[in-house]
Amino acid sequence: MLIQSLLRKLPGPLKGLAERFDDSPIDSPEKAQHFIRTRSSYVAQTALYGYLKTRMGTRYRQLFEDKTFSRSIRIAASQTFASCLSDMTIYGVAMVARDGGLADDEARLLAERIYVSAYKSGLEKVDRKEQPEGARERFQVRLDGIHWKTAAETIDVFESSSADLIRFAPVIDEFKELDGEIVNNSLWLRWIDIRKQWEKRLRAGDVATAWRGGRAA
């Protein structure tokens, strides 16, 4: 498909994910980080580019090949990835904390480790000028208000990615106001699938044990 060939020309972090169909157990912090990073990338990619393609219509070829607009897309992609990563990290670690018996301080440290590692890996090929300014600092602040034993029980934890997708998408404000509800619903549906994958594959006790063991080593 032409849209896919155009997306491959963008040097951003959001690529297709063959591992999306992996169903092996998530039983270590490293596997948790991999899942959280790749699925955050997948959600950000499909939601943002799907929205842009819909809004561009028959002009999407021309706009994707425009250097200025392509840079705007890369910036929006990086911003959306960082927000998706923030949401999924908190959701994922909250489940480990709840079902694996992590204390609040242990959960926070695990969330910090996963986010920083996934952020660096996900954006390593992105120009620093196109990376989200202050994203890691905002994540640290966000952690201050997290109740780890209950954070995974509602979809409220995913509000950041929903808000930032429409906020940073390179479309005019009039379209953002018109499209907000539709875009949000599209994103929620993607997160439902990711949450089901995570819940099915997660071995919270094993992740918690490995995290404690790794910190003690």
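When I say buried, I mean under 20% relative accessible area, with exposed being over 50% and partly exposed in between, using a 1.4 Å probe and protein chains only. Helices here are DSSP runs of H or I with at least four residues, numbered from the N terminus. This is a predicted model, so to speak: local features need pLDDT of at least 70, side-chain atom pairs count only at pLDDT 80 or more, and totals for chains, interfaces and linings use all residues. Residues are numbered from 1 along each chain as its sequence is written, and side-chain values use heavy atoms, with hydrogens and water left out.

So, H2: 20 of its 28 residues are buried, and the helix is mostly covered.

Now look at H2, residues 29-56, against H4, residues 67-100: their axes come within 8 Å and cross at roughly 140 degrees. Those axes are lines fitted to C-alpha atoms over the stretch in contact, and angles run from 0 to 180 degrees between N-to-C directions.

Who makes the contact, meaning heavy atoms within 4.5 Å? On the H2 side we have, among them, Phe-35, Ser-40 and Leu-52, and on the H4 side, residues including Phe-69, Phe-81 and Met-88.

Let's zoom in on Ser-40, which lies in H2. Is Ser-40 buried or exposed? Buried, with a relative accessible area of 0%. Leaving aside neighbours within four places in sequence, Ser-40 is in contact with Phe-81, Cys-84, Leu-85, Met-88 and Trp-191.

Note on methods:
Helices (H or I, at least four residues) and strands (E, at least two) are DSSP runs, numbered from the N terminus. Contact means heavy atoms within 4.5 Å.
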